[in-house]
Amino acid sequence: MNGDGKALVLGGGGVTGVAWEIGLLHGLAEHGVDLTDAGLFVGTSAGSVVAAQVLSGVPIEELFAAQRAAGTGEIAARISAAGLLSFVIAGLWPGDPARGRAWLGRRALRARTLPEADRRAVIARRIGERDWPATRLLITAVEAATGTPKIFDAGSGVSLVDAVAASCAVPLTWPPVTIDGVRYIDGGVRSVANADLAAGSRRVVVLAPIAQSARRAGRPAAQLAALGPGVRGAVVSPDAAARAAIGRNMLDPARRRPAAEAGRAQAAAEARRLREVWG
């Protein structure tokens with residue numbers, strides 16, 4: 001059981017997912033619901049960025065302001081149609097799910113992308129070259145060659161920047177990240193939020209910019225329900241206005257500001273429900 005029984009699960013969703021999650025957290029705080037006092041954070045892809053930023057000690061209002069500012073230092077990209085199809089195929093792979101993840105990982109290893117060092121520099125600008133936080137933080141990734149899930153934490157002997165970079169390594173778009181000779185791809189390849197890692201917590205809130213997964217068992221709501229009947233939980237995904245603000249390309253830095261503002265606006269409709277869960 002983590003310290004206070006509360007877990008905040010932050011799912012993947014690209015640069016717009018980062019913005020929407022930060023906007024939502026800011027808006028909830030304005031309505032008196034502080035989800036950042038959790039004893040456990042689970043970060044996947046974009047969610048690993050948000051967790052690292054929130055646990056850095058920088059006030060949430062400053063993080064929100066940064067999402068609204070111009071000059072992001074991000075590299076614009078788009079997940080190709082072939083990339084999206086590869087995600088679907090990997091998620092529907094029959095039998096052992098790791099085989100589907102490994103198939104996708106091998107494709108990622110062969111893909112032509114920008115240099116790994118350039119991508120790492122983007123992540124370092126996002127979160128800073130800082131140590132792991134005192135609050136328990138789990139960051140998800142997947143071994144590219146084997147499809148085996150990997151959970152990084154403060155005891156892994158891996159820098160926070162490298163762990164976040166691995167979790168954000170969208171296959172076929174960004175390069176796999178090398179850590180101790182092993183190459184990793186995005187933690188969202190296992191599950192868009194990995195909410196099952198909050199097992200043992202009594203109160204769990206999942207922020208999921210991407211609500212669905214090819215496999216039902218990987219959907220945030222299904223994972224949350226599987227934690228047991230004694231767990232109070234809620235999943236929040238972008239509402240219609242937020243989806244319109246985010247747009248079709250979750251990797252477009254130009255959509256950060258509208259996504260953040262939409263998250264903040266959505267908080268008004270979510271505050272009461274989440275206050276009942278969070279206590």
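Here is a short chat about how the folded chain above is described.

User: What kind of model is this, and how are residues numbered?
Analyst: It's a predicted model, where local features need pLDDT of at least 70, side-chain atom pairs count only at pLDDT 80 or more, and totals for chains, interfaces and linings use all residues. Numbering runs from 1 along each chain as its sequence is written, and side-chain values use heavy atoms, leaving out hydrogens and water.

User: What makes a residue count as buried, and what share of the chain is that?
Analyst: Buried means under 20% relative accessible area (1.4 Å probe, protein chains only). In the protein chain, 51% of the 279 residues are buried.

User: Why is the largest set called a nonpolar core?
Analyst: The name goes to buried Ala, Val, Leu, Ile, Met, Phe, Trp, Tyr and Cys residues joined through side-chain atoms within 4.5 Å. The largest such set has 58 residues, and Leu8, Phe41 and Val164 are among those with the most contacts inside it. Another core, apart from that one, has 13 residues, including Val9 and Leu138.

User: What makes Ile123 a contact of valine 164?
Analyst: Contact means heavy atoms within 4.5 Å. Leaving aside neighbours within four places in sequence, valine 164 is in contact with Ile123, as well as Ser48, Val49, Ala52, Ile127 and Ile139.

Methods: Buried means under 20% relative accessible area, exposed over 50%, partly exposed in between (1.4 Å probe, protein chains only).
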